[in-house]
Amino acid sequence: MASPHRDLKTDYIGEEGTIVILSLVRNSGQTPARGRNVGFLNSENRTNVALSRAKEGLYIMGNSEDLCRQSKMWRGVAVYYLVLRNFSVGTCAHQNATQMTANIGSQSVPIRAHCCVPDPIPVMAAVPSHVARVNTRRSSLFHAVMLMRFGVCGEPCDLQVCPTCCSNAVQEQVVDLIMGTKMNEIDPNSDDLADILVTLPCRHTFTVETLDGHCGINEYYNRRDGVWSELAPTPTDIQKSLACPLCRGPVNTKRYGRIQRRADLDMAEQNVANSSRRALQEAEKSVREFNLDEESGQLAQILAGESLREPENNGEQDEPAPADTASSEFIASKSLFPIDPEAMRGKTLRRFGFSLAAGRAWNKCIWNLVTAYEKAVTISQERFPLLRTYDAAVSELNRHYSELLANGDLAPPHGVSFQEFALLKAKEASGFPAPPKAHLRFRVEAFWTAIDVRFKLVALIESLRLHPSLRHSQVVEGLRTFNNFLMECVQHDAKRAIDLAEESQSQRQVLLSALLLMRARWQAFAIKATSWTAAQSNHAVLRERVAEAEAGCAKAKRNIERRRRTFLERMGGHPDDQAWAYESFVQPAEEIVSKWVELKTQLQETSFGLTDEEKRQIIQALAQGNSREAPI
């Protein structure tokens, strides 16, 4: 006799044994009075494997009372394996089918007839209730498992069709769409996938081989020695829901559960993406429809009577913090999301010397813009379904591998810490080829919308600074300082958008985000240029400003060439990508360079700073130069 082999049932998938001894003995740590938890013994998949490995003999050892009390599934097992010594045998239309009943307690439970059972399965009646022996064959075991409502492949028995005793009409149905095999040509005793049948909820029956090919199971599992042996990384493209080859009904079968769940996740992902896209479009529409001239005129009238004050504790409630702390409070270098909307509201404006009434007027004026900004922030924080699934899988697997490492069942390579190795193994076992990145695209677009809102606010403030009613007002200095703060926020978020686009490997988003940063740098310098007065200007100061403009222009030119070259290298230099890069990035970026040159020329030709007309032209450029119409 060959030496016995010992293994875990989860590692025994695809294997067989002439005689199998199945131990269900476990310590639940609870008393019988409180009820014992059967734990993983409640898993249908594991039980399916355990009960289908024996060729000739299967011994089951365990506490049948606890199992039956805590698990409906094991009560079904007990009906067949443990108490059939009290059964009666009948005969159905097919001579090899059996009709059985079994007694559990005071109840008599009927076991429905199943055909193709060569012989009634003998049960050792003289053994204790916690040990039972069954002499099994493959076909007998198949039907025994079917009685428990989960088959070898996990499908409910009430849907399945027997190829021997089904009606003549059903026997004429084609079950193999490639070979044209009919139901009456199927060998019920064969283990070949071409002879094993699965009936779908729509009542159409196919061979496993046909459905495997139709559902693309080879993309989700690796095959070794003719057996599906391990998970494969899931496909990276969008998966559609599985459908019956004949009626397009749903394929709700356990065998293809992983495939269908991935399709369900992709559908949920698309739903979230569509809702995010609509919300961004609504936010961008609000930004475009903001009437700069009308709003600036109304706000200027309110601010005309405002006098700039030093922040002090004058008994006013909710006294604002100093202006010089705004940047450190709102700008976090590692932030994953756009800067807090509070940075734009009246409370922050009050840090720059404005009264409570002015802050309220400001909030009322920019209400629609702040609402659009908040939508963008919400979308940037959205956790898409694939990302949530990936994080949950990695977290659970990381815990599992950490326990194995702690117990000494797994050892990391030399030089790798336990934490790093557990996380690496978790990511490998998650079934994802890489962390999902679709959400990053919408996060980048949310940054763009948030930047567009700030650009609109900057243009509004510049309009206020040159408004006739505020020409000699003390609030002009406070508006200028607040605008510089907003532009600092814009440049920070533009850099973060570039980082996120690089992380998602969306090269077109990288270029468009870089374009926003170039525009923000020019606008920051233009705001400085419009704030200089003749009294602040002399030849030395003007030379410094011209040199700063020349440096900004040269930096913009270098960025254009570097970004364009990197983009084409990463995209393979395809003609379509070259055309897109020129139209969507190079041309708009060259317009920004032209603005640098124009501003530098104006500074070179003046001895007393920019005129009011030149400042108005710059402000008009600020208001009109912020649209993004390039497709991604």
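At what angle do helix 7 and helix 15 pack, and how far apart are their axes? In this predicted model, helix 7 covers residues 257–288 and helix 15 covers residues 438–465. The angle between the two is about 10 degrees, and their axes lie 10 Å apart. Angles under 35 degrees count as roughly parallel, so helix 7 is roughly parallel to helix 15.

Helix 7 contributes Glu269, Ala273, Ser276, Arg277, Leu280, Ala283, Glu284 and Val287. From helix 15, the residues that meet them are Ala438, Arg441, Phe442, Glu445, Ala446, Thr449, Asp452, Val453 and Lys456.

Among the 18 salt bridges in the structure is one between the side chains of Asp493 and Arg454, with an N to O distance of 2.6 Å. Arg454 belongs to helix 15, while Asp493 sits in helix 16 (residues 475–504), so this pair ties together parts that are 39 residues apart in sequence.

Two elements each give two or more residues to it: strand 1, spanning 17–23, and strand 2, spanning 54–61. Ile19, for instance, is found in strand 1.

Terms used. Residues are numbered from 1 along each chain as its sequence is written. This is a predicted model: local features need pLDDT of at least 70, side-chain atom pairs count only at pLDDT 80 or more; totals for chains, interfaces and linings use all residues. Side-chain values use heavy atoms; hydrogens and water are left out. Axes are lines fitted to C-alpha atoms, for helices over the stretch in contact, and angles run from 0 to 180 degrees between N-to-C directions. Helices (H or I, at least four residues) and strands (E, at least two) are DSSP runs, numbered from the N terminus. Angles under 35 degrees count as roughly parallel, over 145 as roughly antiparallel, 65 to 115 as roughly perpendicular and the rest as oblique. Contact means heavy atoms within 4.5 Å. A salt bridge is a side-chain nitrogen of Lys or Arg within 4 Å of a carboxyl oxygen of Asp or Glu.
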